[in-house]
Structures are given as C-alpha cells and as structure tokens.
Amino acid sequence: MIVDGACDHYADFVQAAQAGEVRLHFCVDGTSAIRLSRRFRADAWLVAAELPDMSGFDLLEMLVPNVLQASVDPQLGGSPVSLDHAGESMRSGVFIVSDTYRIEDEQRALASGVAGYLVRPITLDVIKNSRARSVATEPAAHSEG
C-alpha cells in the first residue's frame with residue numbers, strides 16, 4: 001500500500017505489480033488511506049511524510065491502530081501473499097517516506113513505532129529485505145503439549 005500524492009516516485013513497484021510479483025494499491029491522500037486501512041490488510045504501508053490533506057505523521061496516529069488491529073481482527077485479515085511471502089508475519093510494516101533526510105523526522109517516525117523511515121528513491125527490494133528481516137526476527141511460535 002502506497003499513500004502518496006506523488007505516485008510517479010514508485011515506478012519499480014508499478015513494474016513489479018504489472019509483472020504479477022506483488023499486489024499494489026495507491027492512496028493519494030490520508031483520508032482514503034484511513035478508509036482503506038479499516039477493511040484491507042497489506043504487508044507494507046509506505047506513507048509519504050507530506051500528503052495533500054495532512055501530514056504523514058498525523059496520518060500515522062490514525063492509521064497504525066487499524067493496521068496493527070488487522071493481526072487480530074478477522075474482518076481485516078487477508079492472505080499474506082505479496083512480497084514473496086514476507087507477510088507471513090501478520091504484522092504490517094508501516095514506513096514513513098520522505099524526499100529529504102531530516103533527523104527530526106526519523107526520530108519522530110521511529111518513536112511512533114513504525115517499521116522504518118525511508119528517503120527516496122525507494123526500491124521494492126528495500127521493502128522486501130526489511131520485511132523479510134522483521135519476519136525472521138520475530139519470536140517463533142511454540143506449542144505446549
């Protein structure tokens with residue numbers, strides 16, 4: 001899921017979607033992202049720091065509870081198929097995306113509990129690798145018995 005008013009920054013993602021490698025959805029503003037987050041689970045959310053209708057940081061406060069709730073709400077559950085099965089972890093990765101690096105923005109993003117702070121240009125491989133690491137580092141489930 002990409003939430004950004006400038007969709008032309010994501011040619012790598014569009015090509016991968018056209019090739020059937022990933023499923024890709026765009027929202028051009030925060031309002032539509034909030035609506036979609038209530039009924040759709042994505043393996044990764046890329047949220048621009050600046051959106052046409054709000055700050056990406058303001059959106060995080062509204063988006064993250066819906067995204068994290070997807071791991072326990074069957075209405076929001078979905079098949080974790082994209083990103084080469086990196087979404088086998090039921091936790092969605094939310095990333096803040098910026099045009100320029102600002103340490104204050106990175107600190108604010110990481111303090112909010114998102115998966116990362118990224119500066120353009122961003123490739124699909126960066127997201128795949130970060131999601132694969134998060135799946136590999138989560139504690140393995142074990143059963144009693």
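Me: What should I keep in mind about the numbering and the model before reading the values?
Reply: Residues are numbered from 1 along each chain as its sequence is written, and side-chain values use heavy atoms, with hydrogens and water left out. The model is predicted, so that local features need pLDDT of at least 70 and side-chain atom pairs count only at pLDDT 80 or more, whereas totals for chains, interfaces and linings use all residues.

Me: Why is Ser-98 called buried?
Reply: Buried means under 20% relative accessible area, exposed means over 50%, and partly exposed lies in between (1.4 Å probe, protein chains only). Ser-98 has 8% relative accessibility and therefore counts as buried.

Me: What makes β4 largely enclosed by the rest of the structure?
Reply: Strand β4 covers residues 93-98, where strands (E, at least two residues) and helices (H or I, at least four) are DSSP runs numbered from the N terminus. Six of the six residues of β4 are buried, so the strand is largely enclosed. Gly-93, Phe-95 and Val-97 point one way and Val-94, Ile-96 and Ser-98 the other way, and all are buried.

Me: How do you know that β4 pairs with β3 and with β5?
Reply: Two strands pair if DSSP finds at least two bridges between them. Five bridges join β3 to β4, which run parallel, and four bridges join β4 to β5, also in the parallel sense.

Me: What does Ser-98 touch, leaving aside its neighbours within four places in sequence?
Reply: With contact meaning heavy atoms within 4.5 Å, Ser-98 is in contact with Ala-49, Tyr-117, Leu-118, Val-119 and Arg-120.

Me: Why is the pair of Tyr-101 and Tyr-117 called edge-to-face?
Reply: Rings of Phe, Tyr and Trp (its six-membered ring) pair if their centres lie within 6.5 Å, and planes under 30 degrees apart count as stacked, over 60 as edge-to-face and the rest as tilted. By this rule the count comes to three aromatic pairs. In the pair of Tyr-101 and Tyr-117 the centres are 5.8 Å apart and the planes are at 70°, hence the edge-to-face label. This pair links distant parts of the chain, with Tyr-101 in the loop between β4 and α5 (103-111) and Tyr-117 in strand β5 (residues 116-119), 16 residues apart. Tyr-101, at 45% relative accessibility, counts as partly exposed, whereas Tyr-117, at 10%, counts as buried.

Me: What makes a set of residues a nonpolar core, and which residues touch the most other members of the largest one?
Reply: A nonpolar core is a set of buried Ala, Val, Leu, Ile, Met, Phe, Trp, Tyr and Cys residues joined through side-chain atoms within 4.5 Å. The largest has 24 residues, of which Val-3, Trp-45, Val-47, Leu-59 and Ile-96 touch the most other members. The largest share of this core, six residues, comes from α3.
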